[in-house]
Amino acid sequence: MRIVFAGTPEPALPALRRLIESPRHDVVAVLTRPDAASGRRGKPSPSPVARLALEHDIPLLRPSKPNSDEFIAELTELAPECCAVVAYGALLSERLLAVPEHGWVNLHFSVLPAWRGAAPVQAAIAAGDTVTGATTFLIEPALDSGPVYGVVTETIRPTDTAGDLLERLSISGAELLDRTLDGIADGTLTAVPQPSEGVTIAPKITVDEARVRWDLPAHVVERRIRAVTPNPGAWTMIGDLRVKVGPVTVDEDSQAMAPGAIRVSRDGVRVGTASQPALLGQIQPPGKKLMDAADWARGARLDDSARAE
């Protein structure tokens, strides 16, 4: 099939690579978000998907308004039979969805209808789910509600960060998307409506929402930190310093501490929660790289009044 691939961030790369290598599909163009500012200087930089497309000399589409008449005409001229989507990052109008014969097929990183929205992997980890997966479905105007073509499942490991889990899902999901497009091309695959029960929503997590709440139970704190690692990254205030916090361990054997209280000892740095203390792993002070929390605490010479807030 003639495919236009739509995607932007790094988790979309395995799917794009697989479709480029597929003997059955021809990626005639890649649709991605416009170059965005990055780095300390804020210099515009192409998305990971854009860079991969350029490496393979695939025509690149970067409209600022993908639902505009101009872009709809441009896409129509390309005559794709299907558009494959992995984390493109923009809402699509009905007119745009109607351009390809077989519609727009999205690879979503959850088992729908659970965790519709922008942050399904983060939501699954934060909620304490033990199993998640990836789903291919036909895009409709409503949020992630379209009929399903296929599903793969993935166990959520006890130490998984969102980055760890998303890396695995992007690989298994790439295979699922390829098989889905094969089935659509063959006419052997039919999309099935999603069940009406079990719908949960996973909106994008803001930087403010990634602030650690030490007043929650330790197991909730631990999950929520893993859920926002590496992006947008968990953080807390220690005095007047805003520091990033890496995954923590629930210390089942230590005495309870007041939420936010900090205790530095030879074997590590503990922070109080609403239940057991959390043993810090790595932290990142402003302007510095990630470092062992105990090393930082010794250098910072924290006193007994220090708190994480």
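Which residues are linked with R24 in a network of salt bridges? R24, D182 and D186 are linked in such a network, where a salt bridge is a side-chain nitrogen of Lys or Arg within 4 Å of a carboxyl oxygen of Asp or Glu. This is a predicted model, in which local features need pLDDT of at least 70 and side-chain atom pairs count only at pLDDT 80 or more, while totals for chains, interfaces and linings use all residues. Residues are numbered from 1 along each chain as its sequence is written, and side-chain values use heavy atoms, with hydrogens and water left out.

**Salt bridges**

- The whole structure holds 14 salt bridges.
- R18 and D178 form one of them, at 3.0 Å from N to O. R18 lies in helix 1 (residues 13-21) and D178 in helix 6 (residues 162-186), so the pair ties together parts that are 160 residues apart in sequence. Helices (H or I, at least four residues) and strands (E, at least two) are DSSP runs, numbered from the N terminus.
- R18 is partly exposed at 34% relative accessibility, whereas D178 is buried at 9%. Buried means under 20% relative accessible area, exposed over 50%, and partly exposed in between (1.4 Å probe, protein chains only).
- R24 and D182 form a salt bridge at 3.9 Å, N to O. R24 sits in the loop between helix 1 and strand 2 (26-31) and D182 in helix 6, so this pair ties together parts that are 158 residues apart in sequence.
- E222 and R226 form a salt bridge with the closest N and O atoms 2.6 Å apart. Both lie in helix 7 (residues 218-227), and because they are four residues apart, about one helical turn separates them.
- E222 is buried at 14% relative accessibility, and R226 is buried at 6%.

**Annotated binding site**

- An unreviewed UniProt entry annotates S110, V111, L112 and P113 as "binding site"; such annotations may be inferred rather than shown by experiment, and positions are given in the numbering used here, with feature names shortened.
- L112 is in the loop between strand 7 (104-108) and helix 5 (120-126), and is buried at 7% relative accessibility.
- Leaving aside neighbours within four places in sequence, L112 is in contact (heavy atoms within 4.5 Å) with T135, F137, D144 and Q194.
- P113 lies in the loop between strand 7 and helix 5. With neighbours within four places in sequence left aside, the contacts of P113 include Q194, P195 and V199.
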